[in-house]
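Here is a friendly walk through a protein chain, meant to be read with the model open beside you. We begin at one residue and then step back to the whole chain.

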Amino acid sequence: MSLYSLHERRRRALGAYIVLALVMATLTVAFFRIQVLGSSTWELRAESNRIRQLPIPTSRGIIYDRNGRILADNVPGYAITLLPGPLDSARITLERMSDYVEISETQIERVVSTMARFGREVIVDADADFEVVSALEERRAEFPGLYIEMRPRRRYLLGEAAGHVLGYVGEITGEELGLSAFPEERYDQGMIVGKSGIEKQYEEVLQGRRGLKYVEFDARGRIVGDFAGVRTDPGEEGGELRLNIDLELQNWIHRIFPASMAGAVVALDPDDGGVLALYSAPSFDPNEFVGGIDQQHWNTLNADDQKPLFDRAVLGLYPPASTWKLAAAGIALDLGVVTPDEHMSVPCNGGWFFGDRYWRCHDAGGHGYQTLAEAIGNSCDVYFYQLGLRIGLDDMLRRATNIGFSRQCGVDLPQESRGIFPAEREWWNRNFNYSPSQGEVLNLAIGQGPNSQTPLKVAQFYLALARNGSAPAPAVAQGIDLGPSWSLDLEPEHIDALREGLRNVTAPGGTAHFGTALEHWEVIGKTGTGEHALSQAELAEPHAWFAGMAGRPGEDPEIVVAVIVEYGASGSAMAAPIMAKTADFYLRKKYDIPIDSIQTYREHLLRGIPTPWYSARYAAPTRTP
C-alpha cells in the first residue's frame, strides 16, 4: 500500500468530519434558535390553530326622555356568527343550517362573499329566536365554525310613536365602513350602528367600544369553549343620551293623530327651543329593523304610497298657507308700511281686482274694513293682498330670506330639508324663464306661490312669536349648543299685535274657537289651508294647518305646536283640535291635572257633556261648531 494513498484517505476523512461537525453545529444552532429562543413564536402559531380572537359586542347607550324615562335600551338577544375558514366548508355549514334557520340562497351567497372579501367572521342572524338557537346548540357538532353568543339587542319602547325621531340601527355596510362617520380604527364589519334619526346623529356617543375574547377550537374547527388562559377585554358600553322629547306626549300624539291620514306634529318648549315632540305619520316600528329587517317587509314599506319611512316633520315641504300671513304681517310692521290699527284702502267684499284678474277671498261674503289683528283672525286674503303690495316684491323676498325661510332650522338630526323661498327676482328666470311682475307678491303674502316650508320651520317661526321675537335652533338632545338664535327683528308692540291676531282666531267667533277652547289653558294660533297641484285641479283636498301656542290665560306661552294633516281640507276642523289636545295633555301633566280624553269645547258639545268652565271664561258663542 502506498503511504501517499493512506495519507490522502486520512486527509479526506478529516475533511468529512469537519463538514459533518459544521452541519451538526448549524443544525444545533438552528434548533436552539427555533426551540429555545423562538419558542414563544411557534407556540403562538400552534395555539392560533386552536385559539381565535373574537369581538365582544357591547351595549349601545340608553336613550332617555326629558323626565328620565327610557326611550331606547337593550335586552338580551342571540346572534349566530360563522367564523372564517375554507369557503366550501362555510357554504356546507350554511346549507345545513337552512334546515333550522330561515336563510335563502341569496343570503348564503352574501355571507360567503363577505367572508371571502374581509376574511373574518360574518353574522348570519343578529337576532335569532331562542328556539333556533336551541336547535343549533343541540347539533353543534354538525356545524363547524358556527358560534352562538348572547349579545345586547336594541329595544324601542315607543315603537311607531317615535320611529322617525329615534331612528333605527342595523349592521354596518361595506360602503359605510371607512367613511368619516365610521373610521376603521373603531368600526369593523358586523358591528351594529345607527342608520337614521337620533341613533345616527349621536352614533359617536351611543356606540360603545367592543371588547375581545379568545375561543378554543378542536381539530375539526368546532368550538370547545372560551380560552381561560388568555386575558379578555370586556370593552366599554356606549354613553347615555337624554333628549328633550317627552315620552308621554310623543305617545299621546300618536294616539290622537287620525289613523288613516298622513302629516306631522311638532311641539317646542318656548323656554329653550327644546323639541318636546317630533311626530310623523304614518310611521314605522324601529324594532322591526333590529337584527335586520325582512326583505319582503322592507319592500312593502318602500312601496307604500303613504311613504311611512319619510319623516314629514323635518323633510316634508308644504305651502304654509295662512300660517305664513303672520310672517307677512311682521315684515310689514317692521318696514313701517302698516300700523296695527290701520285699515286697507279697499274693504274686503269677497274679492279684489288687481290687473286683469279677480283675486278671491276664502269668504265670498267679505270681511269689510279690518285692522291687522282682525284680518289675521278672519284670515282675510283681500287684506293681505294689499299688504303684500305695500311691502313690495323685492322687500318681501329680501326680508323673508333674511328671516330664514330658505334655510334649515339647524335641528340635531341627520337630515333636514331647506325651505323654498325665492331670494331675488332671478329665481323666476332660472326656474320658469320669465321675469316676475309685482303681482307675484300677492300669492306670497298669503303663504302660497313659490313658498314651501317644513312643519319644523313653521314651528320655529311660531316659537319666535311665543318668545321675544328670537328663536333658537330646535334641539332634540339636551345640553347641545346648536348655534345662535335667529331673530325676527320685531318691536315688542309688534309681537303683541301679532299675538292679538292669533288670539282672534281662537276667540269666540274665530275660525278655530270650538276646536281649541280648553278648560284650563288659552290657545292662540293660526289655521291654514294649503293649496297644492292636486287640490287646485280638484283631485284632492288641500292640506290642513294649524300653528300656535298655549299656556295659562294671560301668561306667557308654555308650549308651541305646529300641525299639518295632508289632504285634511280644514285647518280649523282637522289640524286645530290636534294642536289643542296636544297642548292640553302636556300642560295637564306639567301641573298635575288629571288627563281627560274629552278636552276641547267642541268635543264636550258633541258628547253632551256640561261645560260650566266655558261660560265662566267666554261669552256665549256666536255660531255652532
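## A cysteine and its surroundings

Leaving out residues up to four places away in sequence, Cys361 touches Cys348, Gly350, Gly351, His367, Cys380, Asp381 and Val382; a contact here means heavy atoms within 4.5 Å. You will find Cys361 in the loop between β14 (357-360) and α13 (372-378). Helices (H or I, at least four residues) and strands (E, at least two) are DSSP runs, numbered from the N terminus.

Is Cys361 buried or exposed? Cys361 is buried, with a relative accessible area of 7%. The cut-offs are under 20% relative accessible area for buried, over 50% for exposed, and partly exposed in between, using a 1.4 Å probe and protein chains only. One of the contacts named above, Cys348, is 13 residues from Cys361 in sequence, and their C-alpha atoms are 7.8 Å apart in space.

## About the model

Please keep in mind that this is a predicted model, in which local features need pLDDT of at least 70 and side-chain atom pairs count only at pLDDT 80 or more, while totals for chains, interfaces and linings use all residues. Residues are numbered from 1 along each chain as its sequence is written, and side-chain values use heavy atoms, with hydrogens and water left out.

## The chain as a whole

The chain has 24 helices and 19 strands. Its C-alpha trace spans about 150 × 55 × 40 Å along the principal axes. The radius of gyration is 35 Å, whereas a compact globule of 625 residues would have one near 25 Å. This radius is taken over C-alpha atoms, and the globule rule is 2.2 Å times the number of residues to the power 0.38.

Of the 625 residues, 51% count as buried. Among contacts with a separation of 6 or more, 70% are between residues 24 or more positions apart. The accessible surface comes to about 28900 Å², and carbon and sulfur atoms account for 51% of that surface; such areas come from the Shrake-Rupley method with a 1.4 Å probe, and for residues only the protein chains shown count as cover.

How far apart are the mean positions of the 59 positive and 81 negative charges? They are 7 Å apart. Lys and Arg count as positive and Asp and Glu as negative, with His and the chain ends not counted; each charge is placed at NZ of Lys, CZ of Arg, CG of Asp or CD of Glu.

## A buried lysine

Next, look for Lys526 in strand β17 (residues 522-530). Lys526 is buried, with a relative accessible area of 0%. Apart from neighbours within four places in sequence, its contacts include Ser322, Thr323, Leu326, Tyr462, Trp545 and Phe546.

The Lys526 side chain makes a polar contact with the side chain of Ser379 (2.9 Å) and another with that of Thr527 (3.4 Å). A polar contact is a pair of N or O atoms within 3.5 Å; within protein, one must be able to donate a hydrogen and the other to accept it, and residues adjacent in sequence count only if both atoms are side-chain atoms. Met549 is 23 residues from Lys526 in sequence, with 9.6 Å between their C-alpha atoms.

## A glutamine and a histidine

Gln599 sits in the loop between α22 (571-590) and α23 (601-607). Gln599 is buried, with a relative accessible area of 2%. Its side chain makes a polar contact with the side chain of Lys581 (2.6 Å). Beyond residues up to four places away in sequence, Gln599 touches Trp252, Ala517, Leu518, Lys581, Asp584, Phe585 and His604.

His494 belongs to helix α19 (residues 492-506) and counts as buried at 14% relative accessibility. Setting aside neighbours within four places in sequence, His494 is in contact with Leu333 and Asp334.

## Backbone details to check

Most residues other than glycine have a negative phi, and most peptide bonds are trans. In this model, a cis peptide bond joins Ala281 and Pro282, with omega about -5 degrees. Pro282 is in the loop between β12 (275-281) and α10 (295-303).

Ala321 has a positive phi, near 55 degrees, and lies in the loop between α11 (312-315) and α12 (325-335). Asn433 also has a positive phi, about 60 degrees, and is in the loop between α16 (426-432) and α17 (440-445). Ala321 is buried at 1% relative accessibility, whereas Asn433 is exposed, with a relative accessible area of 69%.
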